[in-house]
Amino acid sequence: MILSQFIFVPLLAAFLIVLFARKKENIAAVIALAACAWILIVSFIAFFKLPAHGGMILNNTSGWSIPYTISLVLDNLSAFMLIVVNLVAFLSAFYAIQYINHFTGKWNFFALFMLMLTGMNGVILTGDFFNLYVFMEISLISAYALVAFGTESEELEASFKYATMGAITSTMILFGIGILYSYTSTLTMADVGLQLRNVGTPKLLFLVYGLFIAGFGLKTALVPFHAWLPDAHPSAPAPISAMLSGVLIKTLGVYALVRIFFNVFGAPTVVLQILMLLGTLSIVIGGFLSVVQWDFKRLLGFSSISQIGYVVIGFALGTPLGILGGLLHLFYHAIFKSLLFLDSGAVEYATDTRDLRQLGGLSKEMKVTSATTMVGTLSISGIPPFNGFFSKLIIIIACISAGQIVVGIIAALVSIVTLAYFLKVQKHAFFGKKGSAKVLEKVPFAMKTAMIILAALCLISSAIMIPSIRKQYLNPIVDTVMGKTSYIDKVEPYLDKGGVK
Amino acid sequence: MILYLMCFFLFLVGVYGAITKRDLIKIILAIGIMGYSVNLFLVLLAYRTGALAPILEKGFNVPMVDPIPQALVLTSIVIELGVTALMAALAIRIYQKYDTFDITKIRRLQG
C-alpha cells in the first residue's frame with residue numbers, strides 16, 4: 001500500500017542503519033539517502049495520483065475499518081505537506097553526508113534523522129488523535145536527541161530546555177485527547193468531528209481548545225511559547241536545524257493546528273482570533289529580536305519565529321486567499337529557511353565560527369555559499385521574482401481584504417525589518433571588512449550541491465503562482481482546509497457504524 | 001467527581017513542580033507526575049463500577065470496562081519512559097559539563 005510506505009520505509013532505514021552501519025559508517029548515509037529518495041518519489045506519485053482517487057485515499061491499518069482501527073488518510077493537504085517534508089529531508093540528508101564528518105557517531109545521526117522523518121510523515125498521514133500523539137512523540141524524542149548531538153554544554157542545555165517544554169505540552173495534548181475521547185467515545189478525527197457537529201459546542205470543548213493551542217502552539221513556536229526555539233534550532237547540526245526550522249515546526253505545529261481546528265472542529269472563531277493575535281505577536285517580536293542577534297544561526301532561529309507568524313496569520317484569517325498565502329508561505333519558508341540554515345552550516349564548517357562579529361569578507365573565498373545566501377536573503381525579504389515575495393504579498397492583500405488592516409500593515413513593515421536583519425548578515429558575513437575568522441576548509445561537493453538545488457528551487461517554486469498551475473494544484477488544497485466539513489464528509493463513507501462485529 | 005478533581009490536582013502539582021523547581025532531577029520528576037496524572041485520568045475514563053475486564057466469552061453479560069483507554073495508557077507509559085530516560089541522560093551529561101543540577105547556574109545560553 002502506498003501510504004504505509006511513508007512510515008515504514010524511514011523506520012526500516014533507521015533499524016537497518018543501527019544494525020549494519022555500526023562497523024561501516026558509510027553505509028548509514030547510503031541507506032538514509034536511498035530511503036529519503038524513495039519516499040520523495042512516492043510522495044510526488046501520491047500527490048499527482050490523488051485527483052484520480054477523488055481527493056482522498058484512506059488506508060485502514062488492520063482488518064477492521066474505522067473507527068475501530070487506526071487509519072492513514074491522504075488528502076490534498078497531507079499530500080502537499082508530504083512533498084514539502086520529504087523534499088527538505090532529502091536535501092538535508094544529502095548535505096549531511098559530508099557535513100557530518102565533523103562529528104563522531106555518523107550512524108547515530110542518520111538513524112535519529114530517519115526516526116524524526118518517520119514521526120513527521122506519520123503526523124501528516126494519520127487520521128487518529130492518539131496516533132498523532134504517538135508519531136509526534138517519535139519525532140520529538142529524536143529531535144531532542146539531535147539537538148544535543150554535539151554534546152557541548154550549550155547544546156545539552158538547549159536540548160534539556162526543549163525536552164522539558166516539549167514534554168509538558170505533549171502531556172497537555174494527551175490530556176486534551178483524553179477529554180475529547182471521554183466526550184465522543186472515539187479517537188478517529190473525522191468521527192470526533194461528526195459527533196461534535198451533532199451536539200454543537202459544549203463548554204468542555206473550550207478546555208480542549210486551550211490545551212491544544214498551548215500544546216501545538218509550543219511546537220509551532222508562536223510567541224508566548226517560543227522560548228525554546230532560538231536555543232534549540234541553532235544548537236543542532238546544520239542539516240537538523242534546516243529540518244527543525246524548515247519542516248518540523250510546520251508539521252507538528254501548523255499542520256496539526258490546521259488539521260484539528262479547521263477540519264475537525266470546523267474553524268471556531270474564537271480560536272482563529274487567538275491564533276491571529278499570537279501570529280501577529282510572533283511576527284513583531286521574532287522580527288525585532290532577530291535584529292539584535294550576533295550569532296548567525298540564532299538570528300535565523302528568531303527569524304523562523306517571525307516567519308511562522310506569517311503562516312499562522314494566513315490560516316487564521318480563514319479566507320481562501322489567506323489560506324492560500326499561508327500554504328504558499330509554509331512551502332516557501334521551508335525552502336529558503338532550510339537553504340539559509342545550510343548556508344550558516346557551510347560558514348561554520350569552513351570558518352569554525354558563526355559569530356557575525358568575527359566573520360566578514362567571505363564572498364570572495366566562499367562564492368557558492370555567498371551566492372546562495374544572497375538568494376535566500378532576497379527570497380525571505382520578499383524581493384520579486386523570488387518566491388517569498390508572492391506569499392507575503394498574498395498574505396498582506398488577504399489581511400487587508402479581510403478587514404484586518406492593522407495586521408496587514410504590521411506584516412508589511414516587519415517584512416522591511418526582515419530585509420534589515422538579513423542585510424546585516426550580508427554585511428557582516430559576506431561583504432564588508434575581512435573579519436578575524438579565516439576560511440580553514442573548503443565546502444565539500446555534497447553541501448554545495450544541496451545549497452545550489454535549494455537556491456534554484458527558490459526561483460523555480462515561484463512558478464506555482466502561474467494561474468493555471470495554481471488552479472489545478474493549489475486550489476484543491478485550499479478547498480480542503482476551507483471546506484469546514486469536506487474532510488469529515490470524505491471520510492464518513494469509510495466509517496463503520498454497525499457497532500462491534 | 002472527587003476522583004477527577006484529585007486527578008486534576010495531581011496534574012497541577014506536576015505543572016507547579018516543573019515551573020518552580022530549580023533542580024534538573026526534580027523537573028524530570030515533576031514531568032513524570034504530570035504524565036501519571038494524565039494516565040490516571042485515562043484509566044478513570046474507562047472505569048465502570050462492578051465491570052470486568054473486556055474479554056468476550058460465550059454467555060458474557062456483565063458490563064465491561066472500556067479497553068481503549070487502557071491501551072492508550074500502556075502506549076503513553078512507554079513514551080514517557082523514553083522521554084524520561086532521554087532527559088535523565090541529558091541531566092547526567094549536563095552535570096558532567098557544569099558540575100551542578102541547579103538550573104540557575106546552567107546559563108551559558110543567552111536566554
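Helix α1 (residues 2-20) and helix α2 (residues 26-49) of chain A pack at an angle of about 180°, their axes 9 Å apart. Axes are lines fitted to C-alpha atoms, for helices over the stretch in contact, and angles run from 0 to 180 degrees between N-to-C directions. α1(A) and α2(A) are therefore roughly antiparallel (over 145 degrees). The contact (C-beta atoms, placed from the backbone, within 7 Å) involves residues of α1(A) including A:Phe6, A:Leu16 and A:Phe20. From α2(A), the residues include A:Ile31, A:Trp38 and A:Val42. By class, this contact has 17 nonpolar, one polar and no charged residues. Here Ala, Val, Leu, Ile, Met, Phe, Trp, Tyr, Cys and Pro count as nonpolar, Asp, Glu, Lys and Arg as charged, and the others, Gly among them, as polar.

The model is predicted; local features need pLDDT of at least 70, side-chain atom pairs count only at pLDDT 80 or more, and totals for chains, interfaces and linings use all residues. Residues are numbered from 1 along each chain as its sequence is written, and chains are lettered from A and ligands numbered from 1 in the order in which they are written.

Chain B has three helices and zero strands, in the order α-α-α. Helices (H or I, at least four residues) and strands (E, at least two) are DSSP runs, numbered from the N terminus. The C-alpha atoms of chain B fill a box of roughly 65 × 25 × 20 Å along the principal axes. The radius of gyration of chain B is 19 Å, whereas a compact globule of 111 residues would have a value near 13 Å. This radius is taken over C-alpha atoms, and the globule rule is 2.2 Å times the number of residues to the power 0.38. Buried residues make up 27% of chain B (buried: 20 or more other C-beta atoms within 10 Å of the residue's own).

Helix α3 of chain B covers residues 67-98. Buried positions of α3(B) include B:Leu72, B:Ile79, B:Glu80 and B:Leu90. The buried residues pack against α5 (129-147) and α6 (153-184) of chain A, together with α2 (24-46) of chain B. B:Asp99 follows α3(B) and has a positive phi, near 60°.

The contact between the chains takes 28 residues from chain B and 26 residues from chain A. The largest share of the chain B side, 15 residues, comes from α3(B). By class, that side has 21 nonpolar, four polar and three charged residues.

Terms used
Expected span 1.5 Å × (residues − 1). Buried ≥ 20, exposed ≤ 12 C-beta atoms within 10 Å, placed from the backbone. Contact = placed C-beta atoms within 7 Å. Parallel < 35°, antiparallel > 145°, perpendicular 65-115°, else oblique.
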